[in-house]
Amino acid sequence: MFIPVAQSAFKALRSAQPRVRLYFVSKNAYSSQVEYKPIRSVLVANRGEIAIRVFRACTELGIKSVAVYSEQDKMHMHRQKADESYLVGKGLPPVEAYLNIPEIIRVCKENDVDAVHPGYGFLSERSDFAQAVIDAGLRFIGPSPKVVQNMGDKVAARVAAIEAGVPIVPGTDGPVTTKEEALEFCKMHGLPVIFKAAYGGGGRGMRVVRKMEEVEESFQRASSEAKAAFGNGAMFIEKFIERPRHIEVQLLGDKAGNVVHLYERDCSVQRRHQKVVEIAPAPRLPIELRDKMTEAAVRLARHVGYENAGTVEFLCDESGNFYFIEVNARLQVEHTVTEEITGIDLVQSQIRIAEGMTLPELGYTQENIQPRGYAIQCRVTTEDPANDFQPNTGRLEVFRSGEGMGIRLDSASAYAGAIISPYYDSLLVKVIAHAGDLQSSAAKMNRALREFRIRGVKTNIPFLLNVLENQKFLNGVLDTYFIDEHPQLFKFRPTQNRAQKLLNYLGEVLVNGPQTPLATTLKPAEVSPHVPAIPLDLSPEALEREERGEAKVTEPPCGLRDILVRQGPEAFAKEVRSRKNLMLMDTTFRDAHQSLLATRVRSHDLLKISPYVAHKFNNLYALENWGGATFDVALRFLHECPWERLEEMRKRIPNIPFQMLLRGANAVGYTSYPDNVVYKFCELAVQTGMDIFRVFDSLNYLPNLILGMEAAGKAGGVVEAAISYTGDVSDPKRTKYDLKYYTNLADELVKAGTHVLCIKDMAGLLKPEAATLLITAIRDKHPDIPIHIHTHDTSGAGVASMLACAQAGADVVDVAVDSMSGMTSQPSMGAVVASLQGTPLDTGVDLRVVSEYSAYWEQTRTLYAPFECTTTMRSGNADVYLNEIPGGQYTNLQFQAFSLGLGDFFEDVKKAYREANLLLGDIIKVTPSSKVVGDLAQFMVQNNLTADQVLEKAEELSFPKSVVEFLQGHIGIPHGGFPEPLRSRVLKDMPRIEGRPGAALEPLDFDKLKQDLKESHPNITDRDVMSSALYPQVTNEYLFFREKFGPVDKLDTRIFLTGPKVGEEFEVTLERGKTLSLKAMAMAADLKPNGDREVFFEMNGQLRTVHILDKEAVKEIHVHPKANKAVKSEVGAPMPGTVIDIRVAVGDKVEKGQPLVVLSAMKMEMVVQAPQAGVVKKLEIANGMKLEGDDLLMIIE
């Protein structure tokens, strides 16, 4: 009886003697003389994880390991893991380097190599390679060349199977090399058929064909793939078995003729005929069927004289029949699961068998080999499952693996900083889980995959997780249709990757400067605004209420919103009117910063103070916090979602009503929209947390106003119809907008069903005396309707006017907290509160609380120094009574004047504003009509035109677009009609809109819009669709920005605007309980060849780097242009790769879906199709060109 020699003894033998002959008589009656020659060094003619797998086995056996590598792999991990490594294939393409047999043999002979392990893929199934190794006096760790040739030849393998009595599938008698032969076979035997590479496996060059018209194209693509992967494009064709299971049996054979099986693996979970998940043993496989298959596999191996490791693959149909597919005369990718369930190291076994040891000597008799538990292997690849599994290349910015009990990882270049190239297979790491049963093994795998953090390239992990959670998979009910018949596997919860995206944003700011335009050269202050504390009520009574489930101690006190939620808008309005004191609405969250800071205040700073406001200002009428210009500015400049802002504010302030500004039929835009857009907008706003809609029209045009009122009312909101105020009702000479005009308008709005009536004094023109006259007149006519007054303090008389309104019967006035009040903002909250203390109109607001609130905003305001209105405006100015410029426009107009080079002429702009207003007929001026007047005013100053000259030259001047559209009727009809003859002279024969502009617009198809958006943004929400309906281009750009840079709204404002300083440490709270600790470390001085600059950060104590394209420096070097995803005419490369076929030329007409270009990457070919019909205007590629993802291919117009 043979007793295996200890491993240490083998190591001693190897080091002591180059060759030893040992004779054995094995106990299974095979009588043979087997030569044992210890192997001292092994060269692995391969790369990646399989090379490292063999190196590890060699190290454990005391054998020197030798690697070869291509030029493209000089930084690859496998060359570093070997004891020695040598370059092969210099100057050759990446794959061909590893197919260069003479050079590999030369490396072996020059460096005293004893044996060659082929791994899998490349040369592993090339009999000429095995023969060349042996002819060079080396040992080939694998079957004999004859067996490799016969088993690699699909036809010869079929003959051998027939001879051994193993069932086969009908197929061609020999390799097929032309599409004509393929077509003939298909016509003779019928469809479906499967094309398979005659001289290789692994799913390369494999196609299933079900339609006769697809035979020729599929054959050409499959043959081309096979030739690229194996050096030979010959194909084997056989009938395709429907709904089979793919079962393979692992074998080991020795030189003495012993063969054992190591049980089977289920490889049915496949995509494109490539295995994705493998299981050992095969679940739910009847024992009698397993026995038949394993016995057939062993019988075939003995028949052909098989030695070393190999696999026999079968298809099993639903009736329990099985058919031979092929023999893989090599180690397979999924050998790991067999190792886990049997405890046998297959690679070490290969080496020992190559040395001359027999299976009995190794202890491998069939009765000794028993499976234990279940093992699952998942191949984590750098492929994007959401984009048809296209290979993804690039730099691994972050790599963190899943580990723990029962988890094994086989990988190669899986580490932060590794470069994933397009030249080789997309496999990144093999994850193997082993447990007592299938469900436990799947649970371990699921947990491990969820622990992975891979950034920089996309992976198939989301898809693998879906597979592992599928009930059929967990129950072992599998066949090769598993993936095709479970489309839910492709529904992924998008990975957020927030931290890395934020680092990319910070790197972008540091390299290329601010990502939002700064209005001035001033920098944000280096302060962290103090948020006043909110004391918790921990009294016994409060704790008892919490125990009873009534209210948590952290909840703010009840406010007016509780009545609105419980009883509805009518009861809300009635409650407001019943109160005897003056109520306040705080505009700090919207109009105040729109007026003072160019609408740039971010959600980050609003949300920080929100809990304090909820606890301390619960007696407010409302917070004005949304709508108007804040909507598009959030998207356009702050790169944040206005809907998320509203939602998050509502979470923090559940008790105070929110009010927004709705521009009637213009919603929150600057033009007219289809009616259903306005209705849908209001509905979504209420669902997200909005309560009160201040509905106005920029011309007081009733049809537009009433549409907005109806939309807000139908949505369930409080309708606060607003009359936009201009002129002076206390001046009898101002007759166009007299008292009767306003009272008549009030009558119409009350009649239309408004809950609250608002006077919107957008320019601050309402003087105290006029306020008394106007409010008294309306109150007398409508004693039961709540009246709400809005003004701006541009003249400095705002507080006096609001007090006059209160005395005349107004219920609510608008104020801003002291540090955000005055000038073009609203009157001071503190001043109004103090003025009414101890009077019947006492607001009930604590002045000390106002002071604390103001202190926060005083500090916060300094963060927005680049947008500070005091840069150009030092104080209020009573000339507003002359020019009538709205407060929200005043500072914006000033910034625009500076940007247009008219800063020194702002006084002229103000005078021109008055003249422009009169030219246009003395119109109501509020967004968007105020923009019309402002554009005309700046046009006049730029061109040095007087009002008379404008009128005189109107037919020949090129007026601003907004002016032309106003005169056409795009925003409605002004009170008193359009100005003549100006209108006729400007428009000439241009079309005019009669009546309400939106009435003639077709309803917007939201479903179609959503589908169109999903082509570029698969994970959009209904909110994004709504934003796009209002601002298509702005929303599209925002969505691309968000996908690239993540939640930038979580950054502190200074960091967001100008980036961190080098060496600065700061924190970013992504969500409750998840805070990143960041530090900006350094920025590389040298550029990468592609124009990138490397920026270094420390995140949570770990080094992270990002590569940012330096947009200035790149102008000096040639870089292939990228396709702009926001421009549909630009066709980009869907994956990195090489151009192998261009099917169009400049000037060609193409149809949507027409093949344009064929790319090859990672041994996979992809046809790029036309995204739209049109004409090819420009080609940016040539055959053989190597591309990166998103490189511009062509422009189709």
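Biologist: What share of the contacts in the chain with a separation of 6 or more is accounted for by residues 24 or more positions apart?

Modeller: This is a predicted model, in which local features need pLDDT of at least 70, side-chain atom pairs count only at pLDDT 80 or more, and totals for chains, interfaces and linings use all residues. Residues are numbered from 1 along each chain as its sequence is written, and side-chain values use heavy atoms, with hydrogens and water left out. Taking a contact as heavy atoms within 4.5 Å, the share for residues 24 or more positions apart is 70%.

Biologist: How much of the chain is buried?

Modeller: Buried means under 20% relative accessible area, exposed over 50%, and partly exposed in between, with a 1.4 Å probe and protein chains only. Of the 1197 residues in the chain, the buried ones make up 59%.

Biologist: Where is Leu536 found, and why does it count as partly exposed?

Modeller: Leu536 lies in the loop between helix H18 (498-512) and H19, where helices are DSSP runs of H or I with at least four residues, numbered from the N terminus. Leu536 counts as partly exposed because its relative accessibility is 49%.

Biologist: Which loop holds Glu555, and why is Glu555 classed as partly exposed?

Modeller: The loop holding Glu555 runs between helix H19 (540-547) and helix H20 (560-567). Glu555 is classed as partly exposed because its relative accessibility is 42%.

Methods: Helices (H or I, at least four residues) and strands (E, at least two) are DSSP runs, numbered from the N terminus.
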